[in-house]
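User: I am new to this structure and would like a close look at one part of it. Please take me through the ligand site.

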Amino acid sequence: MAANKSILILAGDGIGPEVMVQVRRVIDWFDKRREVTFEVAEGLVGGAAYDAHGTPLTDETLADAMACDAVLFGAVGGPKYDDAPRALRPEMGLLRLRKELDLFANLRPAIAFESLLDASSLKPEVIRGLDLLIVRESTSGVYFGEPRGIETMPDGSRQAVDTQFYTDAEITRVAAAAFDLARQRRGKVTSAEKANVMETGVLWREEVTKLHADSYADVELEHMYADNCAMQLVRAPTQFDVILADNLFGDILSDCAAMLTGSLGMLPSATLGAADDSGRRRALYEPVHGSAPDIAGTGAANPLACLLSFAMLLRFSFDLEEDAKLIENSVANVLNSGIRTADIMGANSSRVSTGVMGDAILRELDKQAA
Ligand code: IPM
Ligand code: MG
């Protein structure tokens with residue numbers, strides 16, 4: 001029997017808890033049916049934590065996240081918290097986790113499932129075969145740079161400032177992650193920045209170029225302005241393998257890439273820290289979709305992105321490639337059978353609820369493991 005692996009589940013707000021219920025069923029299935037066993041704890045984050053404790057992330061939950069092997073995260077936020085002070089908004093729970101756990105490499109794959117080609121807003125021939133990975137820096141940049149704030153001037157007018165900030169070390173470590181991942185894929189990195197207008201862009205380009213020459217000359221490197229990259233993503237997305245970007249550009253480009261595939265409801269992500277001497281790294285896994293307050297509680301949410309995030313957890317944190325594949329194959333087979341949640345409906349498919357999608361996945365897992 002493999003040693004227990006500890007997972008902290010932070011389901012959060014909106015559809016987060018609903019999709020997580022289905023993922024819990026799959027975790028229990030693995031516990032019973034496979035070699036590995038899990039020790040699962042749950043905690044509150046985002047609006048749920050704010051309602052209970054007046055903060056989107058308590059120090060206790062942060063300590064639990066530090067101590068566990070991997071965090072599985074749902075989604076945070078909702079209109080109810082629009083007027084909360086910025087420091088207490090649900091999103092700050094997630095940002096604090098990224099920052100305090102030093103999770104600097106945010107991996108966001110965008111893969112076009114053949115059976116979902118018609119769910120995309122782009123033509124099928126444009127996205128067929130799409131398999132790209134965005135590596136987004138996630139602990140620095142304009143998200144955390146100081147000074148920041150809104151100031152009222154003596155004449156009563158107001159001004160706001162945010163600071164885009166990067167050190168060479170912050171750029172190099174996330175670039176190294178992108179090059180390492182490219183080596184396991186098709187060997188190409190496109191680094192996106194705005195070196196034409198931003199100092200951080202100039203430093204970004206210089207550091208990536210230097211690291212490439214020093215340690216990754218076997219990987220193909222291309223530099224692209226971030227605006228052009230956004231355009232290329234919708235024009236000819238299959239040209240990309242790994243896209244490397246800073247925190248803000250990565251946020252925008254990854255939403256764009258996600259939608260190419262037809263549904264945000266399909267895309268998982270992983271956010272990784274540095275490996276320690278034993279090879280263990282802190283990690284958080286979350287669906288790319290948000291809390292979707294408009295459909296929360298209706299049973300319409302697609303649990304597959306969260307489930308695929310759990311597959312990434314098995315792969316990256318626990319080195320359980322075969323188990324990860326088991327989930328990914330189950331998802332592909334269920335989609336091929338025409339079972340769909342509302343967000344990915346196509347011709348000849350039948351619309352099911354979050355829970356019935358969970359049933360279908362479990363049936364498929366049984367079939368594959370039989
Ligand atoms: C994301 C989200 C977050 C971000 C929000 C919820 C703070 O958009 O994970 O992409 O901007 O990083
Ligand atoms: Mg985003």
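User: How far is an oxygen atom of ligand 1 from an N or O atom in the side chain of R98?

Analyst: The distance is 2.8 Å. That pair is a polar contact (N or O atoms within 3.5 Å). Two more side chains do likewise. A polar side-chain atom of Y143 lies 2.6 Å from an oxygen atom of ligand 1. For D251, an N or O atom of the side chain is 2.8 Å from a ligand oxygen. The protein covers 75% of the 320 Å² of accessible area that ligand 1 has on its own (Shrake-Rupley method, 1.4 Å probe).

This is a predicted model: local features need pLDDT of at least 70, side-chain atom pairs count only at pLDDT 80 or more, and totals for chains, interfaces and linings use all residues. Residues are numbered from 1 along each chain as its sequence is written, chains are lettered from A and ligands numbered from 1 in written order, and side-chain values use heavy atoms, without hydrogens or water.

Now the shell. E91, R98, R108, R136, Y143 and D251 surround ligand 1, each with a heavy atom within 4 Å of it. Five are charged, one is nonpolar and none is polar. Here Asp, Glu, Lys and Arg count as charged, and Tyr counts as nonpolar.

Next, the setting. The domain assignment, automatic or from a database, gives domain 1 (1-108 + 261-370) and domain 2 (131-259). Their contact takes 19 residues from domain 1 and 21 residues from domain 2, with heavy atoms within 4.5 Å. The C-alpha centres of the two domains lie 25 Å apart. Both domains give residues to the shell, so ligand 1 lies between them.

How values were computed:
A polar contact is a pair of N or O atoms within 3.5 Å; within protein, one must be able to donate a hydrogen and the other to accept it, and residues adjacent in sequence count only if both atoms are side-chain atoms.
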